[in-house]
Amino acid sequence: GNSVTQMEGPVTLSEEAFLTINCTYTATGYPSLFWYVQYPGEGLQLLLKATKADDKGSNKGFEATYRKETTSFHLEKGSVQVSDSAVYFCALTLSGGYNKLIFGAGTRLAVHP
Amino acid sequence: DAGVTQSPTHLIKTRGQHVTLRCSPISGHKSVSWYQQVLGQGPQFIFQYYEKEERGRGNFPDRFSARQFPNYSSELNVNALLLGDSALYLCASSLRQGAPSSTDTQYFGPGTRLTVL
């Protein structure tokens, strides 16, 4: 079936460190890929997306590249800030269907000064 | 512009009761989806409605039902509440139902936190 696997958290970093959160997927067809972020006590915010192989999504210093050959969509940021502390969800949706999002379990990021 | 709004923000119910959660999509969006997020997990798809019709349903029991109104707002109803129904219920809206070779981004509301005692 279709699924998303994320690295387990929590990920704990010092401010200005480099961030990588791994995400791999299994899907039939050609998925679109997303990263959503959830700040404490809030709903989900779209962080970035990529709709086809080799596309790079980027926003607020975060980047992720759609790698079809490795079925991956790893999230990276060169220099994290305390305000980036949140839970990050990788997700996919399949075209031709009804746009159902399939989420990973989420990865909690804690950034310390 | 207003984003997706949900009401109420928090709700406490007891086992066996029923609950109605409400969602208003972004203006111009015609599709609404509902997700359940249990603490510590990723959201799970419950329903999608488009143009007032159910277009998709996740693996949830018949106690869960929903509808969409002519103004595209939506309600999620849960009957005979169980302790395991305690979760954050998220509503997401998008312009239209998914179409071949298109990506229809879903925008989420802040959620309704349901606690079943």
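Where in chain B does B:Glu51 lie? In this predicted model, B:Glu51 is found in the loop between strand S5 (44-50) and strand S6 (53-57) of chain B. The residue has a positive phi of about 50° although it is not a glycine, and at 26% relative accessibility B:Glu51 counts as partly exposed.

**Backbone features in loops**

Most residues other than glycine have a negative phi, and most peptide bonds are trans. Chain A also has a residue other than glycine with a positive phi, A:Lys60, whose value is near 55°. A:Lys60 sits in the loop between S7 and S8 of chain A, and because its relative accessible area is 56%, above the cut-off of 50%, A:Lys60 is classed as exposed.

| Cis peptide bond | Omega |
|---|---|
| A:Gly9 to A:Pro10 | about 0° |
| B:Ser7 to B:Pro8 | near -10° |

**Overall form of chain A**

The secondary structure of chain A consists of twelve strands and zero helices. Its radius of gyration is 14 Å, close to the 13 Å that the globule rule gives for 113 residues, so chain A is as compact as a globular protein of that length. Taken along the principal axes, the C-alpha atoms of chain A fill a box of roughly 45 × 30 × 20 Å. Of the 113 residues in this chain, 43% count as buried, and the chain exposes about 5300 Å², with carbon and sulfur atoms supplying 48% of that area. Among the contacts in chain A between residues at least 6 apart in sequence, 56% join residues at least 24 apart.

**Sheets**

In chain A, four strands form an open sheet in the order S3-S9-S8-S7, with antiparallel pairing. Strand S3 (19-21) and strand S7 (56-59) of chain A each have a single partner strand and stand at the edges, so one side of each is left without a neighbour in the sheet. From one strand to the next, the twist averages 15°. S7(A) is joined to strand S8 (residues 62-65) of chain A by four bridges, and A:Gly57 stands opposite A:Ala64 in S8(A).

Chain B contains an open, antiparallel sheet of four strands in the order S1-S3-S8-S7. Here strand S1 (5-7) and strand S7 (64-68) of chain B are at the edges with a single partner strand each, which means that one side of each has no neighbour in the sheet. The twist in this sheet averages 15° from one strand to the next. Five bridges connect strand S3 (residues 19-24) of chain B with strand S8 (residues 74-78) of chain B, the two running antiparallel, and B:Cys23 stands opposite B:Ser74 in S8(B).

In soluble globular proteins, nonpolar side chains tend to be buried together. The largest nonpolar core in the model has 26 residues, and those with the most contacts inside it include A:Trp35, A:Phe73 and A:Tyr88. S10(A) provides the largest share of this core, four residues. Leaving aside neighbours within four places in sequence, A:Tyr88 is in contact with residues including A:Gln6, A:Trp35, A:Phe62, A:Leu75 and A:Leu109. A second, separate core of 22 residues includes B:Leu21, B:Cys23, B:Trp34 and B:Tyr49.

Terms used: Residues numbered from 1 in each chain as written. Chains lettered and ligands numbered in written order. Predicted model: local features only at pLDDT ≥ 70, side-chain atom pairs only at ≥ 80, totals over all residues. Heavy atoms only, no water. Pairing = 2+ DSSP bridges. Axes fitted to C-alpha atoms, helices over the stretch in contact; angles between N-to-C directions. Rg over C-alpha atoms; globule rule 2.2 N^0.38 Å. Buried < 20%, exposed > 50% of the residue type's maximum accessible area, 1.4 Å probe, protein only. Contact = heavy atoms within 4.5 Å. Areas by Shrake-Rupley, 256 points an atom, 1.4 Å probe, with all protein chains shown as cover. Core = buried A, V, L, I, M, F, W, Y, C linked by side-chain atoms within 4.5 Å.
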